[in-house]
Amino acid sequence: LEILKKHQVNFSCVNRAELDRQHLAGIDLVVGVGGDGTILSSAHFLDHGTIPLLGINSDPMVTKEEWDVKKKVDERRSHGALCMCTAVNMNDWWGKSGNQDEDSMCVKSTFSETRLVPGLNDILIANPSPAAVSRFRMGWLEKVAEDAVHGGRGGNHHHHPNAPPQSGLPVSPQYGTVTRFGFVAYDVKNSLNVWSSGMWICTATGSTAAMAAAGGKPMDFDSSDLQYLIREHMIEDHHNVGGGNNGGNNEMEMNVQDMNNGMLKEKEKMHIRWNSQQGCIFIDGSHQKHSLELGDEILVDNSAPPLQMFIRENVS
């Protein structure tokens, strides 16, 4: 606080638990003082990408030498991976402001549609009980033209499945699984039924956290892709089913295994239909969460506005 006063910066202090969007009116910069948890909590309110975020690690014992230590002896110490500086070197900090991509997620239930706060690090979709199976169907969404959805329906028109658009003949619906988000129709492609312990989805920023511990791939810090990983995927063994040549089944199992861990590219949209009685979406830890019920549908993409965030020069 003395440093801010020294530089004649007008500021107000808000407790992390009391922070609300009303506190952001007329604000040019949000400074999160604490650890990575405080930074993640603050980032959830900055989902419009217009206010930059500066993280300060408040651990008073962190020195420059300890900043680079990968494994601390005392695990109670703050890691501060998302912090620009510490309480020790705040007065002379300098670095760069980068745009950090975030997860965007929309959940649709029977009667409503909810857009959740973006995730800066990672999102876990799982049964709230770690001992229970997480059942869901995952796939990718492809936008469908309204005339394709309704073409050939109603009236006395005959269906012409192979009729080209320019023929003037009514087109038979080609889409067996059509869903809507924000009044936009999508077809679900390449879907897969999953029995597992849930799914991790992370940004490049979060690829070194829980995703890495779960066996995920390292990502370039500037990547806008999202990475997903199915936890403990229970793939049915077809080797001893029916006897004879199981080459086709073996190939299918390999394809399923290839889908366990992959990337969601820019403009791609992942679709998840929750098939368990209960479920939960955990955003950047356990504090921010959203409950799921049987039949809820989830859309995941990277369309959230980038977060303006100060980062250290040596972050890679």
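Mentor: Start with "buried": a residue is buried under 20% relative accessible area, exposed over 50%, and partly exposed in between (1.4 Å probe, protein chains only). Buried residues make up 43% of the 316 residues here. Keep in mind that this is a predicted model: local features need pLDDT of at least 70, side-chain atom pairs count only at pLDDT 80 or more, and totals for chains, interfaces and linings use all residues. Residues are numbered from 1 along each chain as its sequence is written, and side-chain values use heavy atoms, leaving out hydrogens and water.

Trainee: What makes Gly 139 buried?

Mentor: Its relative accessible area is 0%. Buried means under 20%, so Gly 139 qualifies.

Trainee: Where is Gly 139 found?

Mentor: Gly 139 sits in strand β8, residues 134-143. Helices (H or I, at least four residues) and strands (E, at least two) are DSSP runs, numbered from the N terminus. The protein has six helices and 18 strands.

Trainee: Which residues is Gly 139 in contact with, leaving aside neighbours within four places in sequence?

Mentor: Contact means heavy atoms within 4.5 Å. By that rule Gly 139 touches Val 188, Lys 189, Asn 190, Ser 191, Lys 269, Met 270 and His 271.

Trainee: Why is helix α2 called mostly covered?

Mentor: Seven of the eight residues in α2 (36-43) are buried. They are Asp 36, Thr 38, Ile 39, Leu 40, Ser 41, Ser 42 and Ala 43.

Trainee: What do the buried residues of α2 pack against?

Mentor: Three strands: β1 (30-34), β2 (53-57) and β18 (307-311).

Trainee: How do you know that Lys 265 and Asp 225 form a salt bridge?

Mentor: A salt bridge is a side-chain nitrogen of Lys or Arg within 4 Å of a carboxyl oxygen of Asp or Glu. For Lys 265 and Asp 225, the closest N and O atoms are 3.1 Å apart. That is within the limit, so the pair counts. Lys 265 lies in the loop between β13 (261-264) and β14 (270-274), and Asp 225 in the loop between α5 (210-213) and β12 (226-230), so the pair ties together parts that are 40 residues apart in sequence.

Trainee: Is Lys 265 buried or partly exposed?

Mentor: Partly exposed, because its relative accessible area is 41%. Asp 225 has 15%, so Asp 225 counts as buried.

Trainee: How many salt bridges are there?

Mentor: The count comes to three. Another one joins Lys 269 and Asp 301, at 2.8 Å from N to O. This pair links distant parts of the chain: Lys 269 is in the loop between β13 and β14, Asp 301 in strand β17 (residues 297-301), 32 residues apart. Lys 269 is partly exposed at 22%, and Asp 301 is buried at 4%. Asp 187 also pairs with Lys 189, with the closest N and O atoms 3.3 Å apart.

Trainee: What makes Asp 187 buried?

Mentor: Its relative accessibility is 4%, so Asp 187 falls under the 20% limit. Lys 189 stands at 30%, so Lys 189 is partly exposed.

Trainee: Are Cys 202 and Cys 280 buried or exposed?

Mentor: Cys 202 is buried, with a relative accessible area of 0%. Cys 280 is buried too, at 5%.
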